[in-house]
Amino acid sequence: MTESQTRPGDILVPDPEPPDRSHDNAFADTSLRRIAARVPADLALTARLAWHTDPRTLLVMTAAQLGATTATAFGLLATADVSPPARPQRPPL
């Protein structure tokens with residue numbers, strides 16, 4: 001609808017801007033070293049946001065995650081002790 005076709009009370013919405021394509025290849029141009037270097041800062045930001053939002057839930061979830069991790073570690077240790085080796089041992093020469 002052009003301005004000449006508008007009626008009183010119509011709301012004019014401008015045409016949308018074309019999308020910004022300047023960041024399309026940002027991930028492809030990022031090295032694993034740069035990504036790994038950002039992990040500590042991203043984790044710290046996440047922890048600060050979670051603490052600001054709900055400290056009690058953050059503590060409960062952290063404790064639950066530590067408990068689950070500990071249980072998994074003991075389960076893997078128990079499994080490793082009773083399962084046969086994946087490769088048979090070679091006899092000594």
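The accessible surface of the chain comes to about 9400 Å², and 63% of that belongs to carbon and sulfur atoms. Areas here are Shrake-Rupley values with a 1.4 Å probe, and for residues only the protein chains shown count as cover. This is a predicted model, where local features need pLDDT of at least 70 and side-chain atom pairs count only at pLDDT 80 or more, while totals for chains, interfaces and linings use all residues. Residues are numbered from 1 along each chain as its sequence is written, and side-chain values use heavy atoms, with hydrogens and water left out.

Now burial. Of the 93 residues, 0% count as buried. Buried means under 20% relative accessible area, exposed means over 50%, and partly exposed is in between, with a 1.4 Å probe and protein chains only.

On to the fold. The chain has 2 helices and 0 strands; these are DSSP runs numbered from the N terminus, H or I of at least four residues for helices and E of at least two for strands. The radius of gyration is 28 Å, well over the 12 Å that the globule rule gives for 93 residues, so the chain is more spread out than a compact globule. That radius is taken over C-alpha atoms, and the rule is 2.2 Å times the number of residues to the power 0.38. Along its principal axes the C-alpha trace spans about 95 × 45 × 25 Å.

Two pairs give distances across the chain. Arg21 lies in the segment before H1 and is exposed at 56% relative accessibility. From Arg21 to Phe74 is 53 residues in sequence and 49 Å in space, C-alpha to C-alpha. Ile35, which lies in helix H1, is 44 residues along the chain from Thr79, with 34 Å between their C-alpha atoms.

Ile35 also belongs to a nonpolar surface patch with Phe27 and Leu32, about 360 Å² of accessible area together. Patch members have over 30% relative accessible area and no salt bridge; like charges are joined within 9 Å, and nonpolar side chains (Val, Leu, Ile, Met, Phe, Trp, Tyr) within 5 Å. Ile35 is partly exposed at 32%. Leu32 is in helix H1, residues 32–53, and is exposed at 69%.

Next, charges. How many salt bridges does a search of the whole structure find? The count is 1, with the criterion being a side-chain nitrogen of Lys or Arg within 4 Å of a carboxyl oxygen of Asp or Glu. Asp42 pairs with Arg38, the closest N and O atoms being 3.1 Å apart. The two are 4 residues apart in helix H1, so about one helical turn separates them. Asp42 is partly exposed at 34%, whereas Arg38 is exposed at 52%.
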